[in-house]
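Subject: Handover of a structure and the findings from it

Dear colleague,

Please find below the structure that I am handing over to you.

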Amino acid sequence: MSDRISRREFLKLLGAGSAATAVLTGCGPASRYVVRKPYVSMPEYSYNGESTYFATTCRECPAGCGLVVRTMQGRAIKVEGNKNNPVNLGKTCARGQATLQGLYNPDRVQHPVKQGRGVTLSDQRMTWDSAVNVVADALRSTSASKVAFLLGLAPDHLFDLVSDLAKALGARPPIRFGALSMFEARASLRKATSQVFGREAMLYFDLAGAEVVFSFGANFLETWLSPVAYTRGFAEMRRGKAGRRGYLVQFEPRMSQTAATADEWIPIAPGTEGLVALALGRLIAEARGERVPAAYRDVDVEALAQMADVPVKKLEHLAQLFASVERSLAIPGGAALAQSNGVSAGEAILALNILADNLGKEGGVFFAPQAPLGAHHAPASPSEMLEFIQAMRNGEIEVLFVHGVNPLFELPQGLGFAEALQQVPLVISFASFPDETALQSDYIFPDHTGLESWGYQRVLTGTGKKVLSGMQPVVVPYYDTRSTVDVFLAAVKQVGGRVAEALPFADEVEYLQSRLLDLVKAEGGFFQAPEINTFFAQFQQYGGWWTREDALDAPSGSKVLDKPLKVDKPAYYGEGEFVLYPFVSPVLGEAGANKPWLQETPDPTTTVMWGTWVEMNPRTAEELGIQDDDVVQVTSIFGTIEAPVYRYPAIRPDVIAIPFGQGHVAYGRYAQGRGANPADLLGVTFNPAGDLTFAALKVRVEKTGKRRQLSRLEGRLGVYGFEK
Amino acid sequence: MSEYKVPEYSANWSEVEQGKWGIVVDQDLCTGCQACVVACAMENNISFVGEEDAGYGRSMHWIRIERFWEGEYPDITMTPFQPVMCQQCGHAPCEPVCPVFATVHSDAEQLNVQVYNRCIGTRYCANNCPYQVRTFNWRDWERPEPLDNQLNPDVTVRRRGVIEKCTFCVQRIRRAEEVAESEGREVYDGEIEPACAQACPADAIVFGRIDDPESRVSRMARDGRGVKLLEDLGTLPRVVYLKGGAGHGYSG
């Protein structure tokens with residue numbers, strides 16, 4: 001194929017007919033459709049006792065780490081990191097390691113079913129032909145404005161295809177959402193970034209090159225944005241890449257795993273992160289003996305320190321530290337932004353980087369590189385989800401396609417997704433597992449799991465390079481599942497007309513290759529190929545495409561420090577004596593609960609396995625007469641959950657914390673009926689960026705008189721002596 | 001009475017020492033993320049036991065991450081995370097107590113090996129291990145289909161009544177040695193990575209030859225922060241921990 005062909009010409013050619021198809025499939029369909037079968041009929045390339053390794057992309061979170069999966073006789077044996085992929089450089093997290101237990105999970109949706117909105121998985125098996133008919137009928141017979149697509153957080157090829165499809169139909173563009181983006185308060189981060197640095201882009205924090213790092217609730221060693229990449233950065237910082245061993249200070253109401261690893265944990269009152277950043281700003285400028293910038297001239301350090309419940313002396317000491325080194329860095333995390341004052345708090349925290357003069361410098365803040373293959377739009381904020389839910393409730397949506405997200409579990413109950421779903425006449429889920437939303441759908445047309453799929457995924461942050469991580473099946477699909485892209489392509493063919501012309505692809509691989517055409521000619525890639533088939537072969541072999549050089553932009557020095565920065569006092573809402581601090585479980589993430597080995601992996605700080613707990617300061621617990629394992633009822637104005645108490649020595653006395661990740665009422669035997677879901681407590685109050693103010697909710701705690709022993713790795717002797 | 005003569009027999013299959021393996025764990029880098037714990041389970045076909053048995057302390061982790069609290073709120077700190085696996089002691093307290101020689105010292109790899117088909121489940125070794133790294137199969141743990149598809153064919157599965165523990169991923173050591181031998185060379189430093197070290201996102205776990213002074217582990221172990229767990233028991237552990245929490249500006 002000529003190397004001068006553009007994507008548009010390619011599409012034209014394809015539309016022209018069989019000649020183009022011959023060009024595309026001419027060079028070795030065999031290499032495209034290698035079948036990886038279990039050992040009962042061993043694939044030809046497989047030798048007894050020898051492993052075959054395939055590069056692909058982890059789908060356990062949207063970070064886009066590269067994997068190399070060891071297979072033997074057609075079965076996936078072990079997940080290892082892809083040493084070439086710039087995001088993770090050969091490393092993986094616990095969730096990535098356990099991805100095989102998703103592939104071989106005993107509770108997968110094994111074939112298409114007519115689900116009919118039940119509480120258990122329906123046994124009404126369908127053929128894929130009839131499934132495609134259902135999708136085609138839905139697309140054909142519904143007016144385009146009433147068709148909606150709800151996708152997960154991964155910025156992948158499915159999102160591109162559905163975007164193209166929605167555009168061709170004239171339907172609303174697909175919405176992406178996930179609990180992680182909600183808990184990371186990404187909309188607020190974006191807004192603060194645009195106000196401070198003048199561009200709505202993802203940021204990249206060069207932890208590795210920093211010497212002193214202030215993290216305001218950013219749990220970057222757990223689930224935040226790209227945990228494996230940031231863990232590597234953290235390790236390099238600690239090793240002293242900048243010359244001396246780096247120092248991490250974590251400001252947050254509850255000691256997270258990241259704070260436990262940090263050198264100092266400063267237990268500030270919830271929602272005062274921005275206020276602390278303001279006070280620190282003034283103290284840092286003073287410590288340097290410079291003129292205090294206008295931004296901090298009206299700052300009353302004493303008053304702010306009192307509100308944040310941290311001694312002024314402590315802040316002075318930290319400011320001295322921050323000011324005394326060349327490379328200091330400040331990072332805003334999710335809970336700091338999920339406040340009524342979240343956006344301005346984000347600005348105040350980011351402004352510390354201007355003060356540190358680290359913009360675009362080693363150990364500083366950068367704009368993350370624009371991912372390959374054009375822009376993608378940001379995930380929906382919770383308030384945008386609420387608008388969407390209202391549209392559902394008002395009957396503006398007649399067909400809803402759901403893929404890669406489980407809103408019945410991930411969204412706060414207060415948003416009313418469950419009721420709104422009842423108003424949608426046709427809900428089609430593409431879930432691989434019988435999760436809550438899938439069971440409440442009319443049909444489940446299961447997609448392959450990540451290790452059985454083709455695809456690509458953009459990498460949003462975590463590396464300085466532009467990365468498109470590649471996916472390929474490492475094993476033949478275990479069950480009678482089908483790629484959602486293929487289902488849509490087949491349905492579109494049936495619908496015909498304009499829509500079919502817009503998506504004239506025989507299958508998923510052809511679609512992928514058409515998208516990758518742009519990269520064949522792109523400059524700066526770490527491999528070059530003259531045409532698409534060679535390119536695609538290398539794309540598969542290396543596990544993606546990325547640039548050889550970093551493509552980081554320096555944020556421009558804005559004038560933020562020239563006018564007073566203002567952060568309001570945090571506005572808690574609800575009633576009760578405690579502020580709730582929900583956090584994403586570091587081990588389970590938002591969707592790991594169906595993997596038994598993740599369930600049995602101890603939480604890093606509490607060592608609890610297989611359950612949900614409520615973290616409470618031991619002294620508060622004593623005042624309330626609560627022991628470990630006493631079940632308490634936590635009540636907000638939106639809902640109630642019950643869970644046993646874990647007396648957590650490193651949490652503020654006025655705060656309780658509950659991990660998110662458990663509390664499923666479906667999702668297979670390992671997840672179902674286990675623990676409680678703190679999202680059931682969350683409500684509908686948003687900050688100006690549209691993020692949920694989930695870290696400002698007050699709750700009541702009452703003893704139930706019941707006890708339930710938490711499974712935990714640590715002994716029950718030791719910290720508090722013998723249990724009474 | 002004819003004189004009964006015991007036939008003379010001498011075994012001539014003594015193993016040759018091929019390398020002394022060790023691990024260095026930098027606690028200043030460990031973030032407690034549990035990637036090593038899950039990677040170990042996936043590599044070594046370790047069973048999960050379920051909520052109730054896990055609560056009784058019967059979970060089968062070959063590696064666990066310890067942490068302790070110091071002080072009281074608000075002046076509370078957590079000790080640096082400490083991954084603990086079998087320390088492959090040179091003088092292992094588990095070995096002499098086994099009545100059936102199921103836990104023995106391998107001369108070739110200089111490891112403590114557990115011979116599952118000898119083990120009769122007395123659990124004396126677990127009782128005698130000061131590091132509490134031996135786990136016992138209290139049941140035939142359930143592994144419903146098709147989860148068994150991921151079983152690693154290089155590692156045997158264990159059933160009820162036997163003790164198991166970390167092997168330093170001996171299957172990977174053997175494979176690398178065989179590959180090196182077939183290529184007529186020595187195993188190079190860094191060629192072998194146990195599952196825990198391979199996964200570790202912070203690169204806090206490093207594996208290698210401790211009898212080679214120039215290997216990465218040996219160089220790391222010479223860092224002034226190096227300690228061995230319960231060294232005063234004279235167990236000669238093969239795992240070196242580099243103390244964490246060094247403070248700002250520390251340089252080794």
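I begin with a sheet in chain B. Four strands form an open sheet there, in the order β10-β1-β12-β11, and their pairing is mixed. At its edges are β10 (205-209) and β11 (226-227) of chain B, each of which pairs on one side only. Helices (H or I, at least four residues) and strands (E, at least two) are DSSP runs, numbered from the N terminus. Two strands pair if DSSP finds at least two bridges between them. β11(B) is antiparallel to strand β12 (residues 239-242) of chain B, and two bridges link the pair.

Some remarks on the source are needed here. Residues are numbered from 1 along each chain as its sequence is written, chains are lettered from A, and ligands are numbered from 1 in the order in which they are written. This is a predicted model, in which local features need pLDDT of at least 70 and side-chain atom pairs count only at pLDDT 80 or more, while totals for chains, interfaces and linings use all residues.

Chain B as a whole

Chain B contains six helices and twelve strands. Its C-alpha trace spans about 85 × 45 × 40 Å along the principal axes. Of its 252 residues, 41% count as buried. A residue is buried if 20 or more other C-beta atoms lie within 10 Å of its own, exposed if 12 or fewer, and partly exposed in between, with C-beta atoms placed from the backbone. Two residues are in contact if their C-beta atoms, placed in that way, lie within 7 Å. Among contacts in chain B between residues at least 6 apart in sequence, 63% join residues at least 24 apart.

Most residues other than glycine have a negative phi, and most peptide bonds are trans. In chain B, the peptide bond from B:Y73 to B:P74 is cis, with omega near 0°. B:P74 is placed in the loop between β3 (69-72) and β4 (75-78) of chain B. Another cis peptide bond joins B:E145 to B:P146, with omega about -5°, and B:P146 belongs to the loop between β8 (135-136) and β9 (163-164) of chain B.

In chain A, A:A185 is not a glycine, yet its phi is positive, about 50°. A:A185 sits in the loop between α8 (179-183) and α9 (186-197) of chain A. Why does A:A185 count as buried? It does so because 34 other C-beta atoms lie within 10 Å of A:A185. A:W610, also not a glycine, has a positive phi of about 60° and lies in the loop between β21 (608-609) and β22 (614-616) of chain A. A:W610 is buried too, because it has 26 other C-beta atoms within 10 Å.

Strand β13 (residues 399-403) of chain A has five of its five residues buried. A:V399, A:F401 and A:H403 point one way from β13(A), whereas A:L400 and A:V402 point the other way. β13(A) pairs in the parallel sense with strand β5 (residues 147-151) of chain A over five bridges, and A:A148 stands opposite A:L400. Strand β14 (residues 426-429) of chain A is also parallel to β13(A), over four bridges; in β14(A), A:L426 is the bridge partner of A:V399.

The expected span of a helix is 1.5 Å times one less than its number of residues. Helix α7 (residues 157-169) of chain A has 13 residues and should therefore span 18 Å, which agrees with the 18 Å between its end C-alpha atoms. Among its buried residues are A:H157, A:F159 and A:L165. A:G170, with a positive phi near 85°, follows α7(A).

Where the two chains meet

Which numbers of residues of chain A and chain B are in contact? They are 53 residues of chain A and 49 residues of chain B. On the chain A side, the elements that each supply at least two residues include β3 (75-81) and α10 (227-239). That side has 32 nonpolar, twelve polar and nine charged residues. Ala, Val, Leu, Ile, Met, Phe, Trp, Tyr, Cys and Pro count as nonpolar, Asp, Glu, Lys and Arg as charged, and the others, Gly among them, as polar.

Yours sincerely
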